[in-house]
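I open this notebook to record what I looked up about the core and the aromatic rings. The entries follow in the order of my reading.

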Amino acid sequence: MRHPARHPKALLSAALGLGLAAALTAAVPAAASPSAGDTAAGAAAGRSTKAAAYAGSAEDAKATRAFFDAVLKSVAEKRAKSPGAQAVTVIYSASNAPSFRSQISSSTQIWNSSVSNVRLQEGSNPDFRYYEGNDSRGSYASTDGHGRGYIFLDYRQNQQYNSTRVTAHETGHVLGLPDHYSGPCSELMSGGGPGTSCQNAYPNAAERARVNQLWANGLAAALAKVS
């Protein structure tokens, strides 16, 4: 996935995904925009159905960090209201991606069983949301830089690639990991680099360690905000 360098005013959009092939000037899909309401599939219906292919773009660590920081900010604000909690829990909503409920459940279980310093949990007042629809850019993760983010899952791309891998990969961006397309299939964040035959949906040891490190620091930041 390509990372569009869009910075209109306060909007920081991090397009981080498995096969994002498209344009620097493309707008965030209205379907996935948090301000568009909860009607992702309907609003995206008029978009191109051409499957987005792996484009080999360089990772955008700055954009990935922006998404992580936005989620962390949301978590910290909640922790300030409930300082007794000991673990960092990130709340998500899958209500706008009903076709991918199974994949979302599997990918969050994968991450919850792989790391110890952060836990993904479905619930109300989410830190980020999943959306679904058709988008020529494929699947991606995005944030506006103000504590609100989302993951968009493209129909055609999820037919082309292992859908649980796509979903777990995009969820990895929420947890702070950048794309690394040159990696092997055993590396989750290599995304579409290894090709459509890659079925692995699990992070490797280095990816697990990195997420644990990021969220150990994130926990400290959230606790500091409380105090």
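I first noted the term for burial: buried means under 20% relative accessible area, exposed over 50%, and partly exposed in between, with a 1.4 Å probe and protein chains only. The model is predicted, so local features need pLDDT of at least 70 and side-chain atom pairs count only at pLDDT 80 or more, while totals for chains, interfaces and linings use all residues. Residues are numbered from 1 along each chain as its sequence is written, and side-chain values use heavy atoms, with hydrogens and water left out.

Entry on ring pairs. I took rings of Phe, Tyr and Trp (its six-membered ring) as paired if their centres lie within 6.5 Å; planes under 30 degrees apart are stacked, over 60 edge-to-face, and the rest tilted. I found seven aromatic pairs by this rule. The rings of tyrosine 92 and tyrosine 130 are edge-to-face, because their planes stand at 90°, with centres 5.6 Å apart. I looked up strands as DSSP runs of E, at least two residues, numbered from the N terminus. Tyrosine 92 lies in strand β1 and tyrosine 130 in strand β3, 38 residues apart. Tyrosine 92 is buried, because its relative accessible area is 6%. Tyrosine 130 is also buried, at 0%.

Entry on a second pair. The planes of tyrosine 140 and tyrosine 150 meet at 70° and the centres are 6.2 Å apart, so this pair is edge-to-face too. I placed tyrosine 140 in strand β4 (residues 140-143) and tyrosine 150 in strand β5. Both tyrosine 140 and tyrosine 150 are buried. I noted that ring pairs link Tyr131, Tyr140, Tyr150 and Phe152 into a cluster.

Note on methods
Helix = DSSP H or I, 4+ residues; strand = E, 2+ residues; numbered from the N terminus.
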